[in-house]
Amino acid sequence: MADHKNFYYTKEHEWVEKITEDTVRIGITEHAAEQLGDIVFVDFVADLDAELAKGDEAVTVESVKSVSEVYAPVSGTVIKQNEALADAPETVNAEAFAGGWMYEMTLSDASELDELLSYDEYEAFVAEEEA
């Protein structure tokens with residue numbers, strides 16, 4: 001497993017792992033999973049091969065507390081979905097940075113990654129948000 005300290009983050013609590021030069025894997029952070037509570041359903045709103053612009057809704061996550069949307073942190077094409085989450089949505093709570101990943105995309109503009117937060121910036125944002 002890659003070190004999540006090398007991932008990119010958003011202020012909406014999504015993480016982005018760069019897999020290859022133009023492919024990324026996306027999920028929600030442990031912080032987001034904790035805030036949601038026990039996740040009971042993960043619905044892929046964006047189909048495979050869907051073209052998403054940064055900010056488009058990609059996934060809906062339902063927990064015992066609420067329903068939340070996961071948005072595309074970057075623009076690109078959905079190439080893979082973590083179908084294991086259909087039968088085991090609680091994996092997102094148990095391992096948000098590993099088995100709980102949600103989908104993969106090919107990037108349409110890799111420079112969008114530069115607009116995301118580093119691990120340290122994200123940690124500072126969460127601390128500020130909770131203060």
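**Entry 1: Lys65.** I began by listing what Lys65 touches: leaving aside neighbours within four places in sequence, Lys65 is in contact with Glu34, Gln35, Leu36 and Gly37. Contact here means heavy atoms within 4.5 Å. I then found the backbone oxygen of Gln35 3.4 Å from a polar atom of the Lys65 side chain. For a polar contact, I noted, N or O atoms must be within 3.5 Å, and within protein one must be able to donate a hydrogen and the other to accept it; residues adjacent in sequence count only if both atoms are side-chain atoms.

I placed Lys65 in the loop between strand 6 and strand 7. Strands are DSSP runs of E with at least two residues, helices are runs of H or I with at least four, and both are numbered from the N terminus. Is Lys65 buried or exposed? Lys65 counts as exposed, at 60% relative accessibility. The cut-offs are under 20% relative accessible area for buried, over 50% for exposed, and partly exposed in between, with a 1.4 Å probe and protein chains only.

I also checked the record: an unreviewed UniProt entry lists Lys65 as "modified residue: N6-lipoyllysine". Such annotations may be inferred rather than shown by experiment.

**Entry 2: a note on the model.** I reminded myself that this is a predicted model, where local features need pLDDT of at least 70, side-chain atom pairs count only at pLDDT 80 or more, and totals for chains, interfaces and linings use all residues. Residues are numbered from 1 along each chain as its sequence is written, and side-chain values use heavy atoms, with hydrogens and water left out.

**Entry 3: the sheet.** I saw that strand 6 and strand 7 form a hairpin with three residues between them. They pair in the antiparallel sense over five bridges, and Val61 stands opposite Ser68 in strand 7. Two strands count as paired if DSSP finds at least two bridges between them. On the other pairing, five bridges join strand 4 to strand 6 (residues 57–63), where Val61 is the bridge partner of Val42.

Put together, three strands form an open antiparallel sheet in the order 4-6-7. Strand 4 (39–44) and strand 7 (67–71) are at the edges with a single partner strand each, so one side of each has no neighbour in the sheet.

**Entry 4: the core.** Which residues have the most contacts inside the largest nonpolar core? They are Val24, Ile28, Val59, Val92, Met102 and Tyr103, in a core of 28 residues. A nonpolar core is a set of buried Ala, Val, Leu, Ile, Met, Phe, Trp, Tyr and Cys residues joined through side-chain atoms within 4.5 Å. Strand 3, helix 1, strand 4, strand 6 and strand 9 (103–107) each give two or more residues to this core.

Entry 5: I found Thr29 in the loop between strand 3 (23–28) and helix 1 (30–36). Thr29 is buried, with a relative accessible area of 1%, and His13 is among the residues Thr29 touches. His13 has a positive phi of about 70° although it is not a glycine, and at 12% relative accessibility His13 counts as buried. Asp49 also has a positive phi of about 70° without being a glycine, but Asp49 is exposed, with a relative accessible area of 61%.
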